[in-house]
Amino acid sequence: MIIRTLFLAVALAAAAAAALAQEPVGRDWVATMRLDALTEEGEAPRMPEVENRDLRRVRNYPEQPPTIPHKIDGYQIDMNFNKCLDCHSRSATGESQAPMVSITHFMDRDGQFLAAVSPRRYFCNQCHVVQHETEAPVENTFEDIDTLLEREAAGGQD
Amino acid sequence: MRSRIRDLWRTLREPSRFFSLGFLVVGGFIGGIVFWGGFNTALEATNTETFCVSCHEMHDNPFEELKTTIHYTNRSGVRATCPDCHVPHDWTDKIARKMQASKEVWGWLFGTIDTQEEFREHRRVMAMREWARLQANDSLECRNCHGESFMDFTRQSTRAAEAHEQFLVSGEKTCIDCHKGIAHRLPDMGGVASR
């Protein structure tokens with residue numbers, strides 16, 4: 001009985017070790033953000049740079065909040081001041097040549113258009129974010145509507 | 001009292017009776033050096049960040065805000081201290097600013113800004129005073145480090161390069177016109193042109 005239990009334990013341990021050894025490590029394998037053994041202190045990855053090329057990026061679907069193509073380090077957004085609106089407000093666009101905040105942002109919850117950005121749309125980076133110069137840790141299989149329509153027109157599935 | 005003042009005045013007007021001319025000249029010269037050295041040392045001592053943040057109102061409010069900005073911590077470790085931006089470097093202007101600053105000593109003595117709430121109440125007035133000063137001297141304290149003719153626009157982002165070319169080089173605007181609130185938080189900006 002004892003021998004059988006011991007044998008089982010050893011077999012199990014060997015199987016577990018083999019499984020651990022086969023586990024892929026690196027960017028393709030993101031079951032957890034922690035890739036080091038529990039007993040080890042991992043090295044923190046370098047913080048990636050913010051993309052600062054001032055080139056607008058394509059939206060994946062029409063409703064997508066456009067991503068910010070520049071750095072926003074230290075931008076103040078509080079009840080006193082909104083640094084984003086400093087360039088993107090209606091009155092500022094002539095001088096800044098920045099895209100104006102969408103008119104949808106002037107609408108309150110009852111669909112009424114206000115004179116300026118509605119308080120519920122005031123905090124820009126609730127939706128609009130910068131992008132970093134780094135590889136995505138997870139593969140994204142999203143396809144936009146044009147791709148889907150084209151595929152259907154070509155007689156494919158989905 | 002009056003007779004004593006008259007006596008002193010008479011003594012000052014008369015030639016020296018006990019001290020030789022040489023002693024007075026050399027002594028006056030040495031005394032002058034000591035006095036001027038002491039004056040300048042004291043002046044420079046009040047022109048340091050340590051002195052500025054020795055008051056709790058400066059230490060807990062503007063200095064805390066500065067710490068999060070690029071003028072305090074950055075990749076190369078070059079940083080600006082309080083007087084770099086708030087006190088002119090040229091002697092005459094510096095003395096003028098120091099005389100104005102005596103009003104701030106008054107504020108400190110009587111506790112004009114004792115709490116963070118009071119700091120926020122006064123923030124707009126103080127900020128506007130600094131903006132006006134920098135607008136009047138063409139952002140001199142910025143330009144002490146940031147020379148427009150030494151800016152490599154090709155190393156700037158497109159946005160920054162275009163704005164600098166259009167507004168800075170043409171002289172249409174000065175640094176502070178666009179770069180408000182870079183070292184401290186901004187007050188309520190209603191009615192203030194922040195560009």
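**Entry 1: helices of chain B**

I started with helix H1 (residues 2-13) of chain B: at 1.5 Å a residue its 12 residues should span 16 Å, and its end C-alpha atoms sit 17 Å apart, which agrees. For the expected span I took 1.5 Å times one less than the number of residues in the helix. Helices here are DSSP runs (H or I, at least four residues), as are strands (E, at least two), and they are numbered from the N terminus. Of the 12 residues of H1(B), 0 are buried, so this helix lies largely in the open. I call a residue buried if 20 or more other C-beta atoms lie within 10 Å of its own, exposed if 12 or fewer do, and partly exposed in between, with C-beta atoms placed from the backbone.

Before going on, I noted that this is a predicted model, where local features need pLDDT of at least 70, side-chain atom pairs count only at pLDDT 80 or more, and totals for chains, interfaces and linings use all residues. Residues are numbered from 1 along each chain as its sequence is written, while chains are lettered from A and ligands numbered from 1 in the order in which they are written.

Next came helix H2 (residues 21-45) of chain B, whose 25 residues should span 36 Å at 1.5 Å a residue; the end C-alpha atoms are 35 Å apart, which agrees. The number of buried residues among the 25 of H2(B) is 0, so H2(B) also lies largely in the open.

**Entry 2: chain B as a whole**

I found 11 helices and 0 strands in chain B. The radius of gyration of chain B is 24 Å, well over the 16 Å that the globule rule gives for 195 residues, so chain B is more spread out than a compact globule. That radius is taken over C-alpha atoms, and the rule is 2.2 Å times the number of residues to the power 0.38. Along its principal axes, the C-alpha trace of chain B spans about 75 × 40 × 30 Å. Of its 195 residues, 11% count as buried.

**Entry 3: B:Cys85**

I picked out B:Cys85, which is in helix H6 (residues 82-86) of chain B. B:Cys85 counts as buried because it has 20 C-beta neighbours inside 10 Å. Leaving out residues up to four places away in sequence, B:Cys85 touches B:Ala80, B:Glu141 and B:Ala183. Contact means that the C-beta atoms of two residues, placed from the backbone, lie within 7 Å. I also looked up B:Arg143: it is 58 residues from B:Cys85 in sequence and 9.7 Å away in space, C-alpha to C-alpha.

**Entry 4: chain A**

Chain A has 4 helices and 0 strands. Of its 158 residues, 6% count as buried. Where is confidence lowest in chain A? Helix H1 (residues 2-22) of chain A has the lowest mean, 59, while helix H2 (residues 85-88) of chain A has the highest, at 94. The score is pLDDT, the predictor's confidence in each residue, from 0 to 100. Over chain A the mean pLDDT is 84, and 77% of the residues reach 70 or more.

I then looked up the largest nonpolar core, which has 5 residues: A:Cys84, A:Leu85, A:Val101, A:Val117 and A:Cys124. Such a core is a set of buried Ala, Val, Leu, Ile, Met, Phe, Trp, Tyr and Cys residues joined through C-beta atoms within 7 Å. Apart from residues up to four places away in sequence, A:Val101 touches A:Leu85, A:His88, A:Ser89 and A:Val117.
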